[in-house]
Amino acid sequence: MSRLIILTVATLVALGAGSSEVLAAGPDLGAVQRQPLNWTAIIMFLLFVLGTLGITYRAAAQTKSAADFYAAGGGITGFQNGLAIAGDYMSAASFLGISGLVFASGFDGLIYSIGFLVGWPIVLFLIAERLRNLGKFTFSDVASFRLDQTQIRILSAVGTLVVVAFYLIAQMVGAGKLIELLFGLDYLYAVVIVGVLMIVYVAFGGMKATTWVQIIKACLLLAGATLMSLIVLWRFGFSPEAMFAEAVRTHPKGDAIMAPGALVADPVSAISLGLALMFGTAGLPHILMRFFTVSDAQAARKSVFYATGFIAYFYILTFIIGFGAITFLMNDPGFFKLGAGGAYDKVKDILGGTNMAAIHLANATGGSLFLGFISAVAFATILAVVAGLTLSGASAVSHDLYAEVIARGRVSEQKEVRISKISAIVIGIVAIVLGYIFENQNVAFMVGLAFAVAASCNFPVLLMSVLWKGTTTRGALVGGLLGLISAVTMVVLSKAVWVQTFGFARELFPYDNPAIFSMPIAFLGIWTFSKLDASNRAKDEVAAFDAQYIRSETGIGAAAAHVH
Amino acid sequence: MAAQDYNQLLRSPQFQELVRQRSKFAWTLSIAMLVIYFGFILLVAFAKPLLATKVGDGVTSLGIILGLSVILSAFVLTGIYVQRANSRFDELTRHLTREIM
């Protein structure tokens with residue numbers, strides 16, 4: 001049962017892909033029945049694409065310097081950035097996956113929304129302001145602030161690219177499956193459309209276009225989910241108790257949906273997952289990058305506050321939508337695959353699998369027009385998330401690897417931005433190819449792995465280099481690598497990969513999520529190898545802490561980074 | 001800034017006061033969030049019957065109330081931090097910057 005935890009969480013983010021593995025006896029999304037072309041959805045989606053391409057065109061005209069390209073010139077306000085962060089974070093998977101999980105098991109869905117939310121206060125209290133004060137375009141700027149540029153930039157670029165790669169594959173496969181289901185488009189077309197559009201947004205419009213795509217998508221998603229929740233609550237006279245009572249009467253599990261079920265069975269896995277979700281959020285490169293788009297630490301701080309508010313509100317909506325789906329759909333055979341004599345299982349037989357609960361609810365509450373709108377929003381959501389990931393990966397290649405490591409800082413801004421655009425195109429093409437290759441693979445573990453790597457490599461290196469004076473290059477490098485390697489190894493040896501992907505009989509690592517082991521390994525590694533480092537370079541690095549400390553705490557010396 | 005300026009700033013009571021107050025506040029709130037979240041997870045893992053307890057006469061369970069409270073607490077904690085930072089910490093920082101400029 002415990003393997004459900006990582007798989008389910010991964011699915012919540014990586015929607016669709018591998019959901020048949022998630023609920024072992026659950027819905028089968030693997031065998032997708034293609035829908036007829038859904039014209040309302042396609043037209044609404046085309047409107048979204050046209051609007052965002054218009055924004056990209058305008059953004060391209062305004063994007064001249066490297067600061068424009070990577071950080072939207074630092075001209076995004078705290079409120080706008082809060083919406084954009086929420087847009088980056090509220091994936092189609094949180095929307096459809098969590099509401100689907102609530103539909104299938106009630107309370108358990110709430111456990112995951114909470115896990116995804118609680119990382120944000122930590123980001124605010126420990127990371128956001130210091131990051132803005134120290135960095136320029138990527139979190140590597142901060143991690144390598146007083147450490148060796150070459151080694152630490154390579155480490156954080158690798159950490160970035162690993163997280164981006166796994167996240168992106170999961171999103172591409174989920175996107176292809178979802179679009180096939182929603183729009184009736186072929187899987188390959190769907191993946192190519194997503195890939196091409198994200199290349200256009202990122203390569204032409206840079207951070208400015210990507211930010212506005214996120215903001216528009218966040219508004220559409222919040223508006224759609226709000227409307228759906230209001231229609232549901234309206235039916236129950238705005239009494240949640242009446243809604244819960246009706247759901248308990250309707251759901252085959254009855255009163256069990258109001259209490260924790262089988263999802264958190266093994267406390268070690270539960271805590272490990274909690275650690276990965278909480279601290280992984282603070283190590284996701286595409287999220288960290290968003291803090292450089294605002295003018296100062298105060299705006300960075302406000303953006304997390306707004307983002308937390310929007311994300312919390314959104315997760316409460318998904319909870320209402322899940323319960324709404326129970327009450328609106330379960331007694332209507334029109335939403336189910338019917339067996340002999342019209343009999344159906346109220347959970348397993350829902351058309352397209354439980355992840356489609358919110359989509360069917362749109363149909364039940366607002367007819368085909370609302371169904372088209374919500375489908376288009378789901379597509380837009382995927383597009384926005386992959387664009388953010390691509391920009392982050394491209395920046396790691398151009399800003400960290402090319403400009404600082406290969407060219408050793410001797411490169412013109414124009415050349416660096418050009419390299420970044422080329423990287424975005426290459427990443428987009430690679431993502432299309434990988435999306436195609438992995439079509440029928442179990443990719444559900446990949447988002448869990450992305451969070452585990454972010455929590456075990458990016459986060460410890462970032463936090464220690466900023467907060468602990470004694471951190472040296474050798475310590476950060478060895479500790480970060482140990483965290484990265486141990487997280488990846490433990491996931492590979494766990495059931496999700498070792499048994500379900502490679503087909504071995506027994507898993508070699510008993511837990512679903514490595515974070516409870518790999519995070520301490522990383523922190524201990526950084527501490528030990530920094531302590532053992534008696535080199536002259538280490539002495540210089542420790543001595544350089546004071547200047548970094550003043551800037552990270554006060555922002556003195558930081559403001560200039562974005563002003564032209 | 002030259003090296004002696006750094007040393008001067010580091011030793012200045014205002015700087016030390018700012019850093020001491022803010023890091024104490026930030027770590028207190030971080031620990032509060034950790035305790036709330038992992039407390040909830042441990043209840044889910046070890047005290048399922050408790051979370052299934054009904055609140056009042058209806059079907060709403062203690063688990064749902066607590067779960068929604070955890071979501072709310074995350075937002076409230078960020079609000080508390082931002083409020084204090086916007087007033088107190090920003091003011092201390094402004095004083096400090098003015099002094100060295």
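This passage looks at the interface of chain B and chain A, then at one helix pair within chain A. The model is a predicted one, in which local features need pLDDT of at least 70 and side-chain atom pairs count only at pLDDT 80 or more, while totals for chains, interfaces and linings use all residues. Residues are numbered from 1 along each chain as its sequence is written, chains are lettered from A in the order in which they are written, and side-chain values use heavy atoms, with hydrogens and water left out.

Chain B and chain A bury about 4500 Å² between them, 79% of it on carbon and sulfur atoms (accessible area, 1.4 Å probe, lost on being put together and summed over both). Chain B puts 51 residues into the contact and chain A 48, with contact meaning heavy atoms within 4.5 Å. Four salt bridges are counted between the two chains (a side-chain nitrogen of Lys or Arg within 4 Å of a carboxyl oxygen of Asp or Glu). One salt bridge joins the side chains of B:R22 and A:E553, at 2.9 Å from N to O. On the side of chain B that touches chain A, the largest share, 20 residues, comes from α4(B).

Within chain A, helix α13 (residues 267-281) packs against helix α21 (residues 515-532) at an angle of about 55 degrees, their axes 8 Å apart. Axes here are lines fitted to C-alpha atoms over the stretch in contact, with angles running from 0 to 180 degrees between N-to-C directions; helices are DSSP runs (H or I) of at least four residues. α13(A) and α21(A) are therefore oblique to each other, as angles under 35 degrees count as roughly parallel, over 145 as roughly antiparallel, 65 to 115 as roughly perpendicular and the rest as oblique.

Definitions and conventions: Helices (H or I, at least four residues) and strands (E, at least two) are DSSP runs, numbered from the N terminus. Buried area is the accessible area (1.4 Å probe) that two parts lose on being put together, summed over both.
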